[in-house]
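Please look at the sequence and the model together while reading.

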Amino acid sequence: MSKTKKKILVVDDDQDVIRATSLHLTKAGFTVVTAVNGKLALENVPKESPDLILLDLGLPDMDGQEVCRRIKADDISKHIPVIVFTARYSTEIFSGKEPMAIDGYLVKPFEPEELLDIVKTVLSK
């Protein structure tokens, strides 16, 4: 079995979050691609075929819940695990009319160890 690097799509409108998250993931041996809004994220999913998506809920053009809904509604991408991260914990993620189909979540700010732990856990499933 070949050990190919896992590719992670990081979606956040905050360049500092993208830089820090990308740095920690790259140091841990992952390949990282990024998007600064929902439109670019949805364009990158089929183009990049990520193994995992880290998705901010507070995006400027469309919220992360809508991005996640579209990813999970598409036969090509519905299998890709999604971890959301947000500056505020929200019960909307897990309840409401349409709970999000996510594989994990992180509340910002988070420690690098928390990020790597959840990424490795979700990718091992």
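The sections below describe selected salt bridges in this predicted model.

## Overview

The predicted model holds 9 salt bridges, and three of these pairs are taken up here with the accessibility of their partners.

## Asp 56 and Lys 108

Asp 56 pairs with Lys 108, with 3.2 Å between the closest N and O atoms. The two residues belong to distant parts of the chain, 52 residues apart, since Asp 56 sits in strand 3 (residues 52-56) while Lys 108 falls in the loop between strand 5 (104-107) and helix 4 (112-124).

Because buried means under 20% relative accessible area, Asp 56 counts as buried at 5%, and Lys 108, at 18%, also counts as buried.

## Lys 72 and Asp 103

A further salt bridge joins Lys 72 to Asp 103, the closest N and O atoms being 3.5 Å apart. Lys 72 is part of helix 3 (residues 64-73), whereas Asp 103 lies in the loop between strand 4 (82-86) and strand 5, so the pair ties together parts that are 31 residues apart in sequence.

Lys 72 is partly exposed, at 21% relative accessible area, and Asp 103 is likewise partly exposed, at 33%.

Asp 75 forms a salt bridge with Lys 78, where the closest N and O atoms are 3.2 Å apart; Asp 75 is exposed at 61% relative accessibility, while Lys 78 is partly exposed at 44%.

Elsewhere, salt bridges with shared partners join Asp 12, Asp 56 and Lys 108 into one network.

How values were computed:
Residues are numbered from 1 along each chain as its sequence is written. This is a predicted model: local features need pLDDT of at least 70, side-chain atom pairs count only at pLDDT 80 or more; totals for chains, interfaces and linings use all residues. Side-chain values use heavy atoms; hydrogens and water are left out. A salt bridge is a side-chain nitrogen of Lys or Arg within 4 Å of a carboxyl oxygen of Asp or Glu. Helices (H or I, at least four residues) and strands (E, at least two) are DSSP runs, numbered from the N terminus. Buried means under 20% relative accessible area, exposed over 50%, partly exposed in between (1.4 Å probe, protein chains only).
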